[in-house]
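Let's take a walk through a protein model together. Have a look at the picture first, and then we will follow the strands and the rings.

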Amino acid sequence: MAITLPQLPFEKDALAPYITANTLDFHYGKHHKAYVDNLNKLIEGTELAAKSLEEIIKIAAKDSAKTGIFNNAAQVWNHSFYWQCLKKAGGGAPTGAVAEKIKATWGNFEKFADDLKNAGITQFGSGWAWLISEGNELKITKTANADTPIAHGQKPLLTIDVWEHAYYLDYQNRRPDYLSAVIQNLINWDFVNANLG
Ligand code: MN
C-alpha cells in the first residue's frame, strides 16, 4: 500500500495571519508532499511497502542502512500530526483533561507555554517541539531533524514544527514569534485531549 498525503484538516487560508496560505502552499504542498513521494520511491518493491507508516518508522529507526527511509517516513508522520494540532481560533489555555494535567505538572498554563516555546527556540537547527506522555507523565521535549517520539516509545500529544520552512515566509528569522503565535492562537486542544484519552 502506498503512503498517501492526507488532506489538510482546514482550508489553506484558515490559519492566517499566524500561518498564511503562502506558507501552507510550500510547507504542505511541496515539503510534506515531497516526503511522501520520496518515501514511496524508497520502499517500492521492498518488504516495507506492505507495512504501515508507523511500522516503517519503527523498523527503519533500528537500522542504520535505512536512514533515508526513516527520515522521510518520520517527516510524513510528523507533518500529518502537526496539521491536526492546528486550527483556526485555537490556542491559549486548554480545557478538559489536558488542562488538569498541565496544571498538575507545570502549575499553570503560562509556565507550560513558556517551556514549550523555549523547547522550540532552543532546538538548534531543524526539528520539532513536543508535548508527550510517557509513563503517564506529561513532558515537553524536542527532537532534531526528522526524529519523532514514536521511534522512542513515547506518546505524542502535540507538536510544533520548528524547521525554517514552517515559519520563514511569514516570520523570517523570528522563530520565537512564530512559536508564540501558534501557542496562543492555533493549538487544537480538542485533538490534544483526544490523544491523551
Ligand atoms: Mn515541516
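We begin with strand E1 (residues 127-134) and strand E2 (residues 137-144), which pair in the antiparallel sense over eight bridges. Strands (E, at least two residues) and helices (H or I, at least four) are DSSP runs, numbered from the N terminus, and two strands pair if DSSP finds at least two bridges between them. Strands of a sheet pair through backbone hydrogen bonds, either parallel or antiparallel. Along this pairing, Trp128 has Thr143 in E2 as its bridge partner, and Ala129 stands opposite Lys142 in E2. Two residues sit between the strands of this hairpin, where Gly135 takes a positive phi near 60°.

A word on the model: it is predicted, so local features need pLDDT of at least 70 and side-chain atom pairs 80 or more, while totals for chains, interfaces and linings use all residues. Residues are numbered from 1 along each chain as its sequence is written, and side-chain values use heavy atoms, leaving out hydrogens and water.

Now widen the view: an open sheet of three strands has the order E2-E1-E3, with antiparallel pairing. Its edge strands, E2 and E3 (155-161), each pair on one side only.

Next come the rings. Rings of Phe, Tyr and Trp (its six-membered ring) pair if their centres lie within 6.5 Å; planes under 30 degrees apart count as stacked, over 60 as edge-to-face and the rest as tilted. By this rule there are 14 aromatic pairs. One of them, Tyr28 with Trp83, is edge-to-face, at 6.0 Å centre to centre and 80° between the planes. Tyr28 lies in helix H1 (residues 21-43) and Trp83 in helix H3 (residues 67-84), so the pair ties together parts 55 residues apart in sequence.
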